[in-house]
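Dear colleague,

Please find the structure below, together with its sequence.

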Amino acid sequence: MNNAEPVDSGVPSRSRSRSLTVWFLVANSTAVFLLFASFTSLLYFGLAKHLNDESRLLLQSEVNAVEHILRFYPLGQMLENEVNPSQTSEEYVKHYIRVLDPAGRELAETRGMDAFAPAAQFRLPPKGQRSGTVRQWENAAGDPVLGTAVWLNLGKDGVGAVEVALDLGNMNNILTRFRLLAFGAGALGLPVCLLVSLAIVRRGTRSLREMTESVRGISVANLGARLSWSDWPEEVASLARVMNSMLDRLQDSFERLYNSAVNLSHKMRTPLTIMRGEAEVALAHERSTEELRDVILSGLEENDRLTRLIENILFLANAEIGKLPLERREMEAADQVEMVVDYYEPLAEEKGIALSWEGAARVVVDPALFRKAVAALVANGITYNHSGGSVAVKLRQTGDLACEIRVMDSGAGIPVEEREKVFDRFYRIYATRFLDPHGTGLGLPIVRTIMNLHGGTVALDGAGPGTTVILNFPAAAVAPELFRGSTEPMSAPHLSAEEHPHEVREDVDSYC
Amino acid sequence: MLILIVEDEVKTAAFIKKGLSEYGILSDVAYDGEEGLQRALTGKYDFLILDILLPNRDGWSIISELRRRRIDVPVIMLTALDAVPSRVRGLESGVDDYMVKPFAFSELYARIQTISRRGPTLKQEVLRVADLELDLEGRRATRAGKRLDLTPKEFALLTLLVRRSGEVIPRTRIVERIWDMDVDSNANILDVHMRRLRAKVDDPFEVKLIHTVRGVGYVLEERQE
């Protein structure tokens, strides 16, 4: 709320700021890796389940086949073909079958089954219970075996049993290879993913780094430099545009500040030169008291000029950064105008100029500043005028507590091409500057500043002869009682008043 | 009256001291804050002129220390032009008045006079200087028994000069007091006003009462020549 307070530098400490690059790298890689891992796991477990189901079906179908053969073609060539098929080595999932009589004696057996799955590794279910459990185990050689033992129902010829085993080695190899490939892909993919992410983020933040470099390069010496955002992405480009317009404003302020400093030193040079010169000349020889007195008096006058110059400059500077407390209150504008006219009347009369005022209006203004503005215009009207001329002040109520003040003179007038320039600090119209050799060129800038402080406007009207300046004081947005004696904080939409509510209520009358 | 000037800028302190001695006022100078405080604590001074920025101890701390010890010597503060802190404006810190640098010596003197005169003063109804008489209640001015025909502003101006008779009143102070204007004009309008007043008060009479002090202001007094 108070821009006079020291502003936080706004630069976060190094430790608190996190790198966008690192953040994106970690987030992106984690996301991609999690996606890959869940997808692969799903595939793997699906495949494993499918293979397991298939193996069990195969086991069951072998049992069914043996039962079928034994029921219809007991112990013949058919059984032998089933137990020892001619091309067993071609099978992907190799199966072993052992047929037993009711006493548990072996009737037929696939070759090599004793070595692969000895009878001891099977457990027949109790008699009368047909199906045995399907089990998986590892044989002596470490091969994975899926096996079962089942009592067969062979009709009136009695019962027998069958033991079937599947060699799951090839199938497990599939899963093992799948796992290897998946881990390999993961191990290789993670760095690739990191690299790709890095490339993306580097590309994405390239404009930011370029911007950093560009901004770093801008200093007071090249305030005219701007960010070229045309090949940057929109998000960054819009930031760059905003920064460019900020630089425009900074450059403008800075140039005005610089020009002010130059003009100010120029303005100060004249009185300083006079003071120094007169003092030096006076000291060069013996002087009478009267002569010395004149030198000192002249020095005092120059000193006054310097003091006034400083006061005016400071007034403008304080107003510009909102450090000037306004003390607005409701009043009759005519009373204030009358005070001004009262003060300037003798001067006007001496110069043979008719100074008059008319009209009435109620306003909410800072009385001292209001008078200062009107006085500056009246003084100009008298100064840049001729004997027999006139200066007229006209007041008009333009709304509730809003008013228009016209200050019209019959003087030299302001050429159209100079009308904006006369509001620049220190600017003086060349043709008429001789009418006020000690003028500072700050009168109209101060008037404009006062109008800005009140949220109003100042304008130069129409064609000559003479000059007409129009001040427009708008209605204050806040009820007038708030302007005086209230404990409520000011809420007028006015910058300066808002920023110094405590000072607005301060009563400084008692010690002036 | 004995005044203590606490000011580290040697030239400033010197011209204040010299200026005061012209009016017959004695003064001592302390060039740093600590020395200033020690001297002020002796209680022998009637008045303090105090700079804010001082070596060793600033003006604020001197005042608060004095007030804490219940030493109620009047104080005029000297401040820089650009920074009249609200503390000084409100005079809540125990300061009686303040002067903004650069200031006119006559202005400083006028304020010292004003503050020393504070307290119970008799409200005079009729003011007299030589044969000039002001009846404040009836708002009438006469000179040598003859009524002067003055406008209200002229009467106010004359009253100011008569009240401070013998004292040089700076131009800016007159304009502030009478017109409440913050003058910013090289045209010396005050001279015109004074000329008009003189035409009525002095011109018809042998003895002139209103005198111009060039470069400073005006004084109303009876001068023996």
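Predicted model: local features only at pLDDT ≥ 70, side-chain atom pairs only at ≥ 80, totals over all residues.

Residues are numbered from 1 along each chain as its sequence is written, chains are lettered from A and ligands numbered from 1 in the order in which they are written, and side-chain values use heavy atoms, with hydrogens and water left out.

In chain A, the unreviewed UniProt entry lists residues 20-47 and 180-201 under "transmembrane region"; such annotations may be inferred rather than shown by experiment, and positions are in the numbering used here, with feature names shortened. Residues 20-47 of chain A are 100% helix and 0% strand, with end C-alpha atoms 41 Å apart. Residues 180-201 of chain A are likewise 100% helix and 0% strand, and their end C-alpha atoms lie 31 Å apart. Helices (H or I, at least four residues) and strands (E, at least two) are DSSP runs, numbered from the N terminus.

Helix 7 (residues 333-350) and helix 8 (residues 367-383) of chain A have axes that come within 9 Å and cross at roughly 35 degrees. Axes here are lines fitted to C-alpha atoms over the stretch in contact, with angles running from 0 to 180 degrees between N-to-C directions. The contact residues divide into 14 nonpolar, one polar and one charged, where Ala, Val, Leu, Ile, Met, Phe, Trp, Tyr, Cys and Pro count as nonpolar, Asp, Glu, Lys and Arg as charged, and the others, Gly among them, as polar.

A search of the whole structure finds one cavity of 30 Å³ or more; a cavity is a set of points on a 1 Å grid over the protein atoms alone where a 1.4 Å probe fits but cannot get out, and lining residues have an atom within 4 Å of a point. Its lining includes Tyr45(B), Leu48(B) and Ile71(B).

Most residues other than glycine have a negative phi, and most peptide bonds are trans. The bond from Lys101(B) to Pro102(B), however, is cis, and Pro102(B) lies in the loop between strand 5 (97-100) and helix 5 (105-117) of chain B. Asn56(B) has a positive phi of about 75 degrees.

Yours sincerely

Methods. 1 Å grid on protein atoms, 1.4 Å probe; cavity = no way out; pocket = protein on both sides within 12 Å on 5 of 7 lines; lining within 4 Å. Points joined across faces, edges and corners; volume = space filled by probe spheres on them.
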